[in-house]
Amino acid sequence: MIGDHREPIYVQAMQQKVDIVSDTITFIGKVMIRRGSINIYADKVIIFHFKNERYQIIIGYGDLISFRQLQDDGRLIQGYSKKIRYEVANGLVILKDNAYLKHLGNSIRSDYIAYLIKEQRAEAFGNKDKQVTVVLMPKKTPSNYHRKKIN
């Protein structure tokens with residue numbers, strides 16, 4: 001995770017289209033993007049590259065887009081949505097439209113989830129029809145922990 005920003009972006013897909021004028025690459029069909037410990041799976045992905053700013057934005061579309069990242073401590077964070085925006089330079093992942101993010105059994109479901117990779121922070125927003133739903137799992141207590149008996 002710490003070194004993800006130094007890693008190249010690898011893409012696999014069934015089809016690729018390059019538009020030199022707009023400096024975009026479109027990938028269609030079983031698209032898999034990998035950058036270090038980050039994996040994104042989608043039906044269609046467009047990569048926008050801005051030469052002057054050395055900046056890339058990856059936008060994915062599909063019925064079920066999958067985002068996964070293996071953190072430095074070996075724990076997995078994963079998300080799903082119908083649209084994803086990955087701002088490579090900022091390390092920002094935005095899950096939109098039926099978005100879901102899960103980490104250590106805890107989960108967030110909403111219309112819009114923004115996840116900052118380096119800071120490991122997420123923020124979720126509902127819409128007029130749907131609130132943010134969060135499930136927080138209880139923390140495990142050490143096996144040698146005993147409750148004091150109350151008299």
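Start by selecting Val-18 and Ile-25: Val-18 stands opposite Ile-25 in strand 3. What you have open is a predicted model, where local features need pLDDT of at least 70, side-chain atom pairs count only at pLDDT 80 or more, and totals for chains, interfaces and linings use all residues. Residues are numbered from 1 along each chain as its sequence is written, and side-chain values use heavy atoms, with hydrogens and water left out.

Now zoom out to the whole chain. How many helices and strands are there? The chain has 0 helices and 10 strands, with helices counted as H or I runs of at least four residues. Of its 151 residues, 35% are buried, meaning under 20% relative accessible area with a 1.4 Å probe, protein chains only.

For the last stop, select Ile-77, Leu-101, His-103, Ile-108 and Ala-122. Among the 15 residues lining the largest pocket, these lie nearest its centre. Strand 7 (92-103), strand 8 (106-116) and strand 9 (121-125) each give two or more residues to this lining. Strand 8 gives the most, with 4 residues. A pocket is an open set of points on a 1 Å grid over the protein atoms alone, where a 1.4 Å probe fits, with protein on both sides within 12 Å along at least five of seven lines; lining residues have an atom within 4 Å of a point.

Definitions and conventions
Pairing = 2+ DSSP bridges. Buried < 20%, exposed > 50% of the residue type's maximum accessible area, 1.4 Å probe, protein only.
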